[in-house]
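Here is a short report on one structure. Look at the sequence and the model first, then read on.

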Amino acid sequence: MSSAETTRAETTQGQPAQPDPVPAAPVGSGPGRAPRRCVCPGSYDPVTLGHADVVRRAAALYDEVVVAVLHNPAKRGTFTPQERRDLIVESCGDLPNVRVELFAGRLLVDVAREVGADVIIKGLRGGTDFAYELPMALMNRHLTGVETVFLPGDPSLEHISSSLVKEVAAHGGDVTGLVSDPVRDALVKRLQEQ
Ligand code: PNS
C-alpha cells in the first residue's frame, strides 16, 4: 500500500494513527472573525470569590465577557442592582475584556441576544448545581439555540454562595476569603443599617 493509500486507522509503519489534530481556536479578534462574546449571568447579591473565579476564567476563554446582573424588580435584594454592579467592578474590574450590565425582569436568552453573546457561562459547584442548571440550559437552547458552557467550580471555593455568605455575616461570622474585602465591608455595613 502506498502512503497515499493508508487508511486513517494506521500509519505507513503500521502504527495506530493519531487522530486529526483539532485546529487551534483563533486568538484575539482577527480580520473576518467576530469577537467571541459570552455572558456570565447571575443575581450577584453580592458577588463572591466563586463568581469572580468563573468570570476570570471566562475572560481567558472568550474575547469579551458580559457579566449580566439579572434582578427581579419585585424582590428587594440585600444590594441594589447598581451596588451589585459596583461590587463586581471592584472584584473583576481589572480585566479589560469584562463589562458589567444590569437587566430587570428579562429572560436570559433575550439578554444574551441583546448583548450579542452566543454562549452562556455557568460555574458548577457540584451535582446539585448541575441538577438545577441542566433544565435551564436545555430550556435556553430550546428557546433560541444559545448554548451553555459549564465551568467546574474551583474546589477551594465550592462551599461559597451569596446566600450562605449573607447568613454567616448576618450572624457575626467572618466572611473574609469568601468575598473580596470591599464586598465584605459593604455587607457588614449593610447589615448594620438593617
Ligand atoms: O445567581 P443566580 O441566582 O443563580 O442566577 C440565576 C439567574 C438569574 C441566572 C436565572 O434565574 C435566570 O436566568 N433568570 C432570568 C430569567 C430566565 O431566563 N428564566 C428562565 C430560565 S430557563
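In helix α2, the buried residues are R84, L87, I88, S91 and C92. Buried means that 20 or more other C-beta atoms, placed from the backbone, lie within 10 Å of a residue's own. These residues share one side of α2, because they cover an arc of only 115° around the axis. The arc is taken from the directions between the helix axis and the C-beta atoms. An α-helix has 3.6 residues a turn, so residues three or four places apart point the same way.

This is a predicted model: local features need pLDDT of at least 70, side-chain atom pairs count only at pLDDT 80 or more, and totals for chains, interfaces and linings use all residues. Residues are numbered from 1 along each chain as its sequence is written.

Helices (H or I, at least four residues) and strands (E, at least two) are DSSP runs, numbered from the N terminus.

Next, the ligand. Around it lie P41, G42, S43, L70, L107, L108, M136, M139 and N140, each with its C-beta atom, placed from the backbone, within 6 Å of the ligand. α4 gives the most, with three residues.

Last, the core. The largest nonpolar core has 37 residues, and C40 is one of those that touch the most other members. Such a core joins buried Ala, Val, Leu, Ile, Met, Phe, Trp, Tyr and Cys residues through C-beta atoms within 7 Å.

Note on methods:
Buried ≥ 20, exposed ≤ 12 C-beta atoms within 10 Å, placed from the backbone.
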